[in-house]
Amino acid sequence: MTIPQMCPEGTEWTDWVWKSIVIDTNCREIIDNVVDMAHFFYVHYSFPTYFKNIFEGHVAIQEYEGVGREDITEWTDPDVPKLVGHGSIAAYHGPSFMIDDLVYHYDKYDVESVLINCHYPISPNQFVLMYGISVKKTEQIPAEIADQLVDAMIGYIGVGFEQDIEIWKNKTRIDNPLLTNEDGPVYQLRRWYEQFYVDVADVKPEMVDRFEFELDTTRPVEVWKQEVADNLARRDAAKLSV
């Protein structure tokens with residue numbers, strides 16, 4: 001198994017900032033996130049505009065592009081760069097080590113970062129999740145700003161994991177769920193994951209053969225935009241009634 005280089009040579013990055021947490025559930029629950037497009041809207045408050053999965057060999061990839069929800073975040077200070085979107089290419093190399101190339105698109109520049117998360121079980125219903133992040137230094141993001149950003153981002157990512165944890169702790173696992181297209185390739189992901197729980201001689205081709213699936217986000221985004229518009233209308237009406 002080969003782990004790719006995380007921070008390319010010839011570029012400068014901040015020191016890694018690390019956190020860890022013990023989660024009271026089976027570690028298999030974290031893997032379903034790889035194909036869960038819808039939770040980005042409801043849990044992480046963003047519109048997924050592009051979502052694709054690729055499984056091959058020991059690697060499972062999630063490619064994602066999205067924009068923020070206007071009913072959650074407001075930019076009112078013109079001197080503060082406005083976040084206009086973000087992208088992610090997250091790849092599990094094996095069952096428990098993920099490298100995520102994260103790019104946050106602001107109106108004036110991009111912020112490139114690398115997120116690592118890894119986990120290991122400590123009991124049938126507990127695992128340790130560790131995650132770390134490093135931010136690329138650029139002309140627009142000099143060292144002192146990058147160091148401030150990485151501290152802020154580790155907190156933001158921690159909040160995101162805490163939101164996910166509530167799902168993992170309270171979900172009921174169904175081995176043969178009835179799915180719609182927008183639920184993503186859950187069965188294919190679980191077949192890929194199964195290869196790490198059998199002897200090498202028992203690994204089947206369907207566990208490791210290349211599989212690609214791009215989810216059409218058009219219809220979900222249409223519905224979610226209307227939901228956001230309704231939320232904003234209610235907020236404006238509440239302000240007028242005060």
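Q: Buried means under 20% relative accessible area, exposed means over 50%, and partly exposed is in between (1.4 Å probe, protein chains only). Into which class does phenylalanine 213 fall?

A: Phenylalanine 213 counts as partly exposed, because its relative accessibility is 27%. This is a predicted model, in which local features need pLDDT of at least 70, side-chain atom pairs count only at pLDDT 80 or more, and totals for chains, interfaces and linings use all residues. Residues are numbered from 1 along each chain as its sequence is written, and side-chain values use heavy atoms, with hydrogens and water left out.

Q: Where in the fold is phenylalanine 213 found?

A: Helices (H or I, at least four residues) and strands (E, at least two) are DSSP runs, numbered from the N terminus. Phenylalanine 213 belongs to strand S9, which covers residues 211–215.

Q: Which residues is phenylalanine 213 in contact with, leaving aside its neighbours within four places in sequence?

A: Contact means heavy atoms within 4.5 Å. With those neighbours within four places set aside, phenylalanine 213 is in contact with Phe51, Lys52, Asn53, Asn181, Gly184 and Pro185. A distance between C-alpha atoms can also be read here: 6.6 Å separates phenylalanine 213 from isoleucine 54, although the two are 159 residues apart along the chain.

Q: Which backbone oxygen does the side chain of asparagine 53 reach at 2.9 Å?

A: A polar contact is a pair of N or O atoms within 3.5 Å; within protein, one must be able to donate a hydrogen and the other to accept it, and residues adjacent in sequence count only if both atoms are side-chain atoms. The side chain of asparagine 53 reaches the backbone oxygen of valine 34 at 2.9 Å. For the backbone oxygen of isoleucine 61, the distance to a polar atom of the asparagine 53 side chain is 3.3 Å.

Q: How is a polar contact between the side chains of glutamate 29 and arginine 28 read?

A: This contact joins the two side chains at 3.3 Å. Glutamate 29 lies in helix H1, residues 28–31. Glutamate 29 is buried, because its relative accessible area is 5%. Beyond its neighbours within four places in sequence, glutamate 29 is in contact with Trp168, Lys171 and Arg173.

Q: How many aromatic pairs does the structure hold?

A: Rings of Phe, Tyr and Trp (its six-membered ring) pair if their centres lie within 6.5 Å; planes under 30 degrees apart count as stacked, over 60 as edge-to-face and the rest as tilted. The structure holds 12 aromatic pairs. One of these is formed by tyrosine 42 and tryptophan 224, an edge-to-face pair with 5.8 Å centre to centre and 90 degrees between the planes. Tyrosine 42 is in helix H2 (residues 39–42) and tryptophan 224 in helix H6 (residues 218–241), so this pair ties together parts that are 182 residues apart in sequence.

Q: What is the relative accessible area of tyrosine 42, and what is that of tryptophan 224?

A: Tyrosine 42 has 48% and is therefore partly exposed. Tryptophan 224 has 4% and is therefore buried.

Q: What kind of aromatic pair do tyrosine 106 and tyrosine 109 form?

A: Theirs is a tilted pair, with 5.7 Å centre to centre and 40 degrees between the planes. Tyrosine 106 is partly exposed, with a relative accessible area of 22%; the value for tyrosine 109 is 22%, which is also partly exposed.

Q: Which residues do ring pairs link into a cluster?

A: The cluster consists of Phe41, Tyr42, Phe47 and Trp224. A charge sits over a ring if NZ of Lys or CZ of Arg is within 6 Å of the ring centre and within 35 degrees of the ring normal. The charged end of arginine 69 sits over the ring of phenylalanine 41, at 4.1 Å from its centre.

Q: What is the phi of tyrosine 45?

A: Phi of tyrosine 45 is near 60 degrees, a positive value in a residue other than glycine. Tyrosine 45 has its place in the loop between H2 and strand S3. Tyrosine 45 counts as partly exposed, because its relative accessibility is 36%.
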